[in-house]
Amino acid sequence: EKHFDHDGCICGYNQEDKTYCIYAYDQNWIYQKFWTTQKSFDAGRKAIFKKGQYNSICGVKPKGDQITFSSETALKKIVEYLDSTMEKYPEVSEGTVYGIVVHDYIAMYVEKLYDGSIPYEKTDRRVFRMIWEHKKAMQERIKLIESDLSLDHEISNVYKTVVREADNIRMLYASHNMKRRDTVLPIIQKKLLALKKQERELLEVLLQKVQGDDKE
């Protein structure tokens with residue numbers, strides 16, 4: 001009925017009935033495991049190739065190496081995340097946008113949904129799930145930094161409100177996808193930009209806190 005190009009993970013196969021077991025988002029936007037025929041999988045690869053796009057299959061095998069958390073690396077990545085503006089990623093340019101300015105571009109996307117320049121039928125349902133999952137990962141990162149540097153958990157505790165609000169926005173957007181309600185789009189846009197502002201403030205406080213601890 002409707003499909004997006006996306007990544008999936010082949011986690012099993014059955015050569016008797018010629019099927020693959022795949023982890024991916026299903027038609028209800030739930031990430032879970034399902035079986036598909038190898039013939040259908042190959043047909044999908046050929047279809048995207050005919051559209052002039054590329055596809056690839058990567059083999060992944062876990063190693064036995066133990067990767068320890070590095071607060072230094074995590075803090076560096078947070079600095080890079082915050083060093084992201086419209087000047088650095090202007091609208092007139094092409095390419096991938098990184099960092100906190102992604103919120104501004106998603107806000108523009110919501111505006112296009114509202115004014116109809118992107119049809120409702122082409123709405124991408126995954127956008128705000130991505131935001132929510134990012135906030136959950138960021139909170140875990142903050143908690144690990146605080147523990148690693150023997151800081152209190154004040155920032156990560158307050159950051160819970162960011163995670164909670166991201167989930168609220170996700171559900172509001174999902175309700176619009178289930179039954180079109182254009183009036184909620186400006187609300188979603190406003191909430192998203194407020195979320196960005198709150199996140200920036202909390203991350204900047206975290207960086208100041210770490211720098212102050214280093215000076216001591």
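These legends accompany a set of close-up views of one predicted protein model. Residues are numbered from 1 along each chain as its sequence is written, and side-chain values use heavy atoms, with hydrogens and water left out. Because the model is predicted, local features need pLDDT of at least 70 and side-chain atom pairs count only at pLDDT 80 or more, while totals for chains, interfaces and linings use all residues.

**View 1. The whole fold, to get your bearings.** The protein has 6 helices and 3 strands; these are DSSP runs numbered from the N terminus, with helices being H or I of at least four residues and strands being E of at least two. Along the principal axes, the C-alpha atoms fill a box of roughly 65 × 50 × 30 Å. Of the 216 residues, 31% count as buried; here buried means under 20% relative accessible area, exposed over 50%, and partly exposed in between (1.4 Å probe, protein chains only). Contacts are heavy atoms within 4.5 Å, and residues 24 or more positions apart account for 53% of the contacts with a separation of 6 or more.

**View 2. The largest nonpolar core.** A nonpolar core is a set of buried Ala, Val, Leu, Ile, Met, Phe, Trp, Tyr and Cys residues joined through side-chain atoms within 4.5 Å. The largest one holds 37 residues, and Ile78, Phe128 and Ile188 have the most contacts inside it. At least two core residues come from each of helix 2 (71-82), helix 3 (102-115), helix 4 (127-148), helix 5 (154-178) and helix 6 (184-215). Helix 6 supplies the largest share, 10 residues. Zoom in on Ile188 and, leaving aside neighbours within four places in sequence, you will find it in contact with Val110, Phe128, Ile169, Leu172 and Tyr173.

**View 3. Aromatic pairs.** The whole structure contains 3 aromatic pairs; rings of Phe, Tyr and Trp (its six-membered ring) pair if their centres lie within 6.5 Å, and planes under 30 degrees apart count as stacked, over 60 as edge-to-face and the rest as tilted. One of them joins Tyr23 and Tyr31, which count as stacked because their ring centres are 5.8 Å apart and their planes are at 15°. Tyr23 is partly exposed at 33% relative accessible area, and Tyr31 is partly exposed at 44%. Another joins Phe128 and Tyr173, with ring centres 4.7 Å apart and planes at 55°, so this pair is tilted. Since Phe128 lies in helix 4 and Tyr173 in helix 5, the pair ties together parts that are 45 residues apart in sequence. Both Phe128 and Tyr173 are buried.

**View 4. The second largest pocket.** On a 1 Å grid over the protein atoms alone, a pocket is an open set of points with protein on both sides within 12 Å along at least five of seven lines, a cavity is a set where a 1.4 Å probe fits but cannot get out, and lining residues have an atom within 4 Å of a point. Grid points are joined across faces, edges and corners, and a volume is the space filled by probe spheres set on the points. The second largest pocket has about 670 Å³ of space. Its lining has 22 residues, with Ile106, Asp124, Arg126, Val127 and Met130 closest to the centre. Strand 2 (19-25), helix 3 and helix 4 each give two or more residues to this lining, and helix 3 gives the most, with 6. By type, the lining divides into 13 nonpolar, 3 polar and 6 charged residues; Ala, Val, Leu, Ile, Met, Phe, Trp, Tyr, Cys and Pro count as nonpolar, Asp, Glu, Lys and Arg as charged, and the others, Gly among them, as polar.

**View 5. Ile22 and its surroundings.** Ile22 lies in strand 2 and counts as buried, at 8% relative accessibility. Ile22 and Lys33 are 11 residues apart in sequence, with their C-alpha atoms 5.5 Å apart in space. Not counting residues up to four places away in sequence, Ile22 touches Gly8, Cys9, Ile10, Cys11, Gln32, Lys33, Phe34, Thr36 and Phe41.
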